[in-house]
Amino acid sequence: MLLIWNRPGFVEELSEEERNSIFGEVDEIMKELTESGELVGGEALAHPSQTRTVRHAAGGAQITDGPFVESKEQFAGYLTVDCETPERAAEIAASWPDVRHGVGVLEVRPVMDQAGTEM
(Lines give C-alpha, C1' and ligand atoms only; values in the text may rest on other atoms or scores of the structure.)
Protein backbone atom coordinates (compact mmCIF):
# COMPACT_ATOMS: atom_id res chain seq x y z
CA MET A 1 0.00 0.00 0.00
CA LEU A 2 1.26 3.46 -0.83
CA LEU A 3 0.17 5.94 1.84
CA ILE A 4 0.10 9.52 0.56
CA TRP A 5 1.04 12.29 2.99
CA ASN A 6 1.01 15.94 1.98
CA ARG A 7 0.37 19.41 3.33
CA PRO A 8 -3.34 20.29 3.35
CA GLY A 9 -4.11 23.27 1.14
CA PHE A 10 -1.02 23.06 -1.06
CA VAL A 11 -3.16 22.49 -4.16
CA GLU A 12 -4.98 25.80 -3.63
CA GLU A 13 -1.58 27.57 -3.66
CA LEU A 14 -0.80 26.32 -7.16
CA SER A 15 -1.66 28.07 -10.38
CA GLU A 16 -4.29 26.45 -12.59
CA GLU A 17 -1.51 25.35 -14.95
CA GLU A 18 0.44 23.75 -12.09
CA ARG A 19 -2.69 21.97 -10.79
CA ASN A 20 -3.52 20.66 -14.25
CA SER A 21 0.05 19.45 -14.67
CA ILE A 22 0.14 17.59 -11.34
CA PHE A 23 -3.30 16.02 -11.78
CA GLY A 24 -2.35 15.09 -15.34
CA GLU A 25 0.71 13.29 -13.96
CA VAL A 26 -1.47 11.43 -11.47
CA ASP A 27 -3.86 10.43 -14.26
CA GLU A 28 -0.94 9.13 -16.33
CA ILE A 29 0.46 7.04 -13.46
CA MET A 30 -3.00 5.63 -12.70
CA LYS A 31 -3.45 4.73 -16.40
CA GLU A 32 -0.04 2.97 -16.47
CA LEU A 33 -0.79 1.05 -13.26
CA THR A 34 -4.21 0.03 -14.59
CA GLU A 35 -2.74 -1.14 -17.89
CA SER A 36 0.03 -3.11 -16.12
CA GLY A 37 -2.53 -4.72 -13.80
CA GLU A 38 -0.69 -3.41 -10.72
CA LEU A 39 -3.45 -1.04 -9.54
CA VAL A 40 -5.74 -2.66 -7.00
CA GLY A 41 -7.47 0.53 -5.81
CA GLY A 42 -7.08 3.79 -3.98
CA GLU A 43 -8.82 6.94 -2.85
CA ALA A 44 -8.07 10.49 -1.88
CA LEU A 45 -9.23 11.55 1.57
CA ALA A 46 -11.26 14.60 2.55
CA HIS A 47 -9.55 17.63 4.12
CA PRO A 48 -8.21 16.91 7.64
CA SER A 49 -10.73 19.40 9.07
CA GLN A 50 -13.39 16.76 8.34
CA THR A 51 -11.60 14.20 10.54
CA ARG A 52 -12.91 12.76 13.79
CA THR A 53 -10.46 11.03 16.11
CA VAL A 54 -11.66 8.29 18.46
CA ARG A 55 -9.56 7.39 21.49
CA HIS A 56 -10.00 5.27 24.57
CA ALA A 57 -10.86 7.39 27.61
CA ALA A 58 -12.13 6.74 31.11
CA GLY A 59 -15.76 5.75 30.78
CA GLY A 60 -15.58 4.79 27.09
CA ALA A 61 -14.54 6.25 23.80
CA GLN A 62 -13.72 9.94 23.40
CA ILE A 63 -14.49 11.49 20.01
CA THR A 64 -12.83 14.76 19.05
CA ASP A 65 -12.63 16.88 15.91
CA GLY A 66 -9.49 16.81 13.79
CA PRO A 67 -6.52 14.52 13.40
CA PHE A 68 -4.45 16.38 16.03
CA VAL A 69 -1.18 15.19 14.54
CA GLU A 70 1.75 17.54 15.03
CA SER A 71 3.01 17.31 11.47
CA LYS A 72 3.22 19.42 8.36
CA GLU A 73 1.92 16.50 6.33
CA GLN A 74 -1.42 14.83 6.84
CA PHE A 75 -2.64 11.47 5.53
CA ALA A 76 -4.20 12.46 2.21
CA GLY A 77 -4.99 9.18 0.47
CA TYR A 78 -3.72 5.80 -0.56
CA LEU A 79 -3.08 3.48 -3.47
CA THR A 80 -3.13 -0.26 -3.21
CA VAL A 81 -0.84 -1.89 -5.75
CA ASP A 82 0.04 -5.50 -6.46
CA CYS A 83 3.73 -5.54 -7.35
CA GLU A 84 6.30 -8.27 -7.88
CA THR A 85 8.74 -6.67 -5.41
CA PRO A 86 8.89 -4.03 -2.67
CA GLU A 87 11.37 -2.19 -4.88
CA ARG A 88 8.73 -1.84 -7.60
CA ALA A 89 6.29 -0.35 -5.08
CA ALA A 90 8.99 2.13 -4.02
CA GLU A 91 9.62 2.97 -7.68
CA ILE A 92 5.92 3.78 -8.14
CA ALA A 93 5.98 5.92 -4.98
CA ALA A 94 9.05 7.79 -6.23
CA SER A 95 7.23 8.65 -9.46
CA TRP A 96 4.23 10.16 -7.63
CA PRO A 97 3.95 13.94 -8.25
CA ASP A 98 3.77 14.81 -4.53
CA VAL A 99 7.23 13.27 -4.11
CA ARG A 100 8.75 14.58 -7.32
CA HIS A 101 7.50 18.14 -6.71
CA GLY A 102 8.48 18.13 -3.01
CA VAL A 103 4.97 18.70 -1.65
CA GLY A 104 4.51 15.38 0.11
CA VAL A 105 5.82 11.93 0.88
CA LEU A 106 4.60 8.42 0.19
CA GLU A 107 4.99 5.63 2.69
CA VAL A 108 5.29 2.15 1.19
CA ARG A 109 3.91 -0.52 3.50
CA PRO A 110 3.00 -4.15 2.83
CA VAL A 111 -0.58 -5.16 3.59
CA MET A 112 -0.85 -8.16 5.91
CA ASP A 113 -2.79 -11.15 4.75
CA GLN A 114 -5.68 -12.50 6.81
CA ALA A 115 -3.38 -14.65 8.97
CA GLY A 116 -1.19 -11.69 9.90
CA THR A 117 1.96 -13.76 9.60
CA GLU A 118 3.98 -10.83 8.19
CA MET A 119 4.47 -9.34 11.64
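1. Ile4 has Gly77 in β5 as its bridge partner. The strands β1 and β5 pair in the antiparallel sense over five bridges; two strands count as paired if DSSP finds at least two bridges between them. Helices (H or I, at least four residues) and strands (E, at least two) are DSSP runs, numbered from the N terminus.

2. The model is predicted: local features need pLDDT of at least 70, side-chain atom pairs count only at pLDDT 80 or more, and totals for chains, interfaces and linings use all residues. Residues are numbered from 1 along each chain as its sequence is written, and side-chain values use heavy atoms, with hydrogens and water left out.

3. β1 also pairs with strand β6 (residues 104-108), in the antiparallel sense and over five bridges. Here Leu2 has Val108 in β6 as its bridge partner.

4. Four of the five residues of β1 are buried, that is, under 20% relative accessible area; exposed is over 50% and partly exposed in between (1.4 Å probe, protein chains only). Trp5 is partly exposed at 24%, and Phe75 is partly exposed at 34%.

5. There is one aromatic pair, where rings of Phe, Tyr and Trp (its six-membered ring) pair if their centres lie within 6.5 Å. The ring centres of Trp5 and Phe75 are 5.4 Å apart and the planes stand at 45°, so the pair is tilted; planes under 30 degrees apart would be stacked and over 60 edge-to-face, the rest being tilted. The pair links distant parts of the chain, with Trp5 in β1 (residues 2-6) and Phe75 in β5 (residues 74-81), 70 residues apart.
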